[in-house]
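Please read this briefing alongside the sequence and the model. It goes through the chain topic by topic.

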Amino acid sequence: MDNELEAVNSGMRKHGKLLYRRLVGQLPRLLPVTMLLAVSSPAAMAMLSQRSIHGLLHDAHDITAVSLAACAVAAACAYDMSWSRAVYLVDFAGYKPAPAHETSRAKTTRHHGLAGAFNTESMAFQRRILERSGLGDATHFPASVIKVPVDIRLRSADEESHAVVFGVIDELLTKTRVRPFDIGMVIVNCSLHSPTPSFTSLVVNRYSLRNDVVTHNLSGMGCSAGIIAIDLARRLLQVHLDTYALVVSTENTTLNWYMGNNRSMLVPNMLFRMGGAAILLSNRRSEWRRAKYQLIHTARTHRGPSDQSYACVMQEEDDAGHLGVSLSKDLMSVAAEALRTNITTLSPHILLLSEQLRFLCAVVLKRVFRTKARPYIPNFTSSVQHFCIHSGGRSVLDELERSLRLSAWDMEPSRMTLYRFGNTSSSSLWYELAYCEAKGRTRRGDRVWQIAFGSGFKCNSAVWKALRTVEGSDDAKESNPWAQDVDVLPIHVPKVMLIDDEALCVPAA
């Protein structure tokens with residue numbers, strides 16, 4: 001009986017604290033609205049109490065007073081509706097699989113041969129792709145894929161996802177010291193594995209979250225789903241006051257493994273690897289002191305109306321009934337067009353005024369005066385210090401480096417993420433940001449631009465502002481996934497890196 005009473009009292013105290021925080025969080029918005037109404041209302045109320053409405057209609061002076069009061073009320077309502085709450089990134093964590101999951105390229109090709117599912121031509125094709133992929137010799141596969149034969153059952157897929165999701169959330173909660181009860185919303189994105197109950201229900205059950213927690217489970221949205229989840233959290237944090245949003249981005253390699261011989265569906269086998277990330281966002285003003293970043297802007301571009309864009313990344317079965325993800329030859333051209341549209345939307349929010357004027361002049365010269373001037377490519381490095389571009393593959397990174405006129409230093413986080421961790425889908429952006437931190441690159445006031453591409457076809461961006469300097473040595477102590485590699489990276493990755501069949505470990509840098 002005493003235990004039950006203590007549990008009830010504890011629950012009441014927690015809810016009391018929550019209600020108090022919500023009330024205090026409203027004060028910055030309620031005070032100016034209240035003052036505006038208090039100043040404008042007394043005169044109008046006095047007139048209304050002394051005269052009838054019929055009399056007011058015949059008195060221009062009183063009508064003016066009432067109109068001013070009405071305008072004040074409208075202005076107060078508009079101010080209340082337009083209030084935009086700052087969204088802070090308190091911290092994030094990237095999943096580092098155990099050493100038992102590390103697999104060199106030589107072991108990968110040997111394992112494919114032992115699996116017995118691929119013919120000679122498919123083996124040779126996969127080897128060529130792997131040699132030109134930009135991946136290194138220490139990427140990670142789940143145990144289900146390393147086995148012979150490959151185990152692609154639902155149970156194995158769940159084991160992989162549980163290890164990643166729970167591992168990365170445990171690390172994040174340890175780093176931030178945030179209680180699960182304080183988390184008001186959970187968003188999980190995983191494109192190719194959507195179990196029942198959902199991943200969000202799995203998280204709620206595991207960490208005993210509140211009964212009123214807001215949950216959203218995103219699936220089938222490809223490698224850009226991480227930015228979509230961040231944008232969704234940003235919108236929810238404008239409505240739900242004084243709370244935390246937990247965002248988890250991952251992908252399932254087990255159910256993504258293709259066992260056929262269709263070349264367009266073999267490429268993902270060579271690129272995708274095991275990984276995940278957890279991000280803690282908040283709209284609490286008190287978190288400004290310790291938060292790492294503030295979300296400045298998000299931009300989402302969807303090229304779905306185009307049949308070519310819609311079909312360039314598709315999960316389907318081949319002629320033999322093997323399930324996999326097919327990549328179209330139009331992928332690069334579709335991605336380039338989506339990027340142009342996304343940049344057009346985002347540029348006014350991040351570019352310096354001088355760069356915007358140069359871009360406008362170039363457009364006017366070409367479209368109005370019909371000159372043959374080359375299109376002007378804005379200098380994004382003048383307003384953005386760090387670029388985290390989805391490490392989907394070497395060809396994607398090469399194209400964006402050329403299109404955005406970026407330097408090797410700018411591309412280093414993305415290329416090293418591809419080399420060390422492979423394509424971890426939507427979570428790759430956070431490995432790249434972790435690389436910047438591990439190297440001590442992020443300084444207070446710097447801006448970070450995250451760019452991701454996904455099926456549908458989508459190109460999404462998020463721009464962050466660093467609120468404090470993150471020292472590499474300090475961050476390494478906080479279980480940064482790059483802690484063991486930061487001293488030997490970067491290394492030069494050649495266009496073609498031949499596979500040494502005798503290599504069973506990471507080569508010396």
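This is a predicted model: local features need pLDDT of at least 70, side-chain atom pairs count only at pLDDT 80 or more; totals for chains, interfaces and linings use all residues.

Residues are numbered from 1 along each chain as its sequence is written, and side-chain values use heavy atoms, with hydrogens and water left out.

**The chain as a whole**

- The protein chain has 17 helices and 13 strands; helices (H or I, at least four residues) and strands (E, at least two) are DSSP runs, numbered from the N terminus.
- Of its 509 residues, 50% count as buried; buried means under 20% relative accessible area, exposed means over 50%, and partly exposed lies in between, using a 1.4 Å probe and protein chains only.
- A contact means heavy atoms within 4.5 Å. Among contacts between residues at least 6 apart in sequence, 80% join residues at least 24 apart.

**Confidence**

- The average pLDDT of the protein chain is 85, and 80% of the residues score at least 70; pLDDT is the predictor's confidence in each residue, from 0 to 100.
- Over residues 76-81 the pLDDT stays under 50, and the model has 8 contacts beyond four places in sequence for them.
- Residues 504-509 also have a pLDDT that stays under 50. For this stretch the model has 10 contacts beyond four places in sequence.

- Two strands pair if DSSP finds at least two bridges between them. Strand β1 (residues 88-94) is joined to β7 by 6 bridges, and the two run antiparallel.
- Gly-94 stands opposite Ala-277 of β7.
- Strand β6 (residues 244-250) also runs antiparallel to β7, with 7 bridges joining them. Here Tyr-244 stands opposite Ser-282.

- His-112 lies in helix α4, which spans residues 105-115.
- Is His-112 buried or exposed? His-112 is buried, because its relative accessible area is 2%.
- Leaving out residues up to four places away in sequence, His-112 touches Phe-118, Met-123, Gln-126, Trp-257 and Met-270.
- Met-270 is also one of the buried residues of α10, along with Met-265, Leu-266, Val-267, Pro-268, Asn-269 and Leu-271.
- Helix α10 (residues 263-271) is mostly covered, with 7 of its 9 residues buried.
- The buried residues of α10 pack against α4, α5 (120-131), β9 (313-317) and β10 (323-327).

**The largest pocket**

- On a 1 Å grid over the protein atoms alone, a cavity is a set of points where a 1.4 Å probe fits but cannot get out, and a pocket is an open set with protein on both sides within 12 Å along at least five of seven lines; lining residues have an atom within 4 Å of a point.
- The largest pocket holds about 1,100 Å³ of space; grid points are joined across faces, edges and corners, and a volume is the space filled by probe spheres set on the points.
- Its lining has 44 residues, of which Val-267, Phe-272, Val-313, Leu-327 and Leu-331 lie nearest the centre.
- Which element gives the most to this lining? Helix α10 does, with 4 residues.
- By class, the lining has 19 nonpolar, 18 polar and 7 charged residues; Ala, Val, Leu, Ile, Met, Phe, Trp, Tyr, Cys and Pro count as nonpolar, Asp, Glu, Lys and Arg as charged, and the others, Gly among them, as polar.

**The cavities**

- The structure holds 2 cavities of 30 Å³ or more.
- The largest cavity has about 50 Å³ of space. Strand β1 gives the largest share of its lining, 3 residues.
- The second largest cavity has about 40 Å³ of space. Helix α12 gives the most to its lining, with 4 residues.
- By class, the lining of the second largest cavity has 7 nonpolar, no polar and 1 charged residues.
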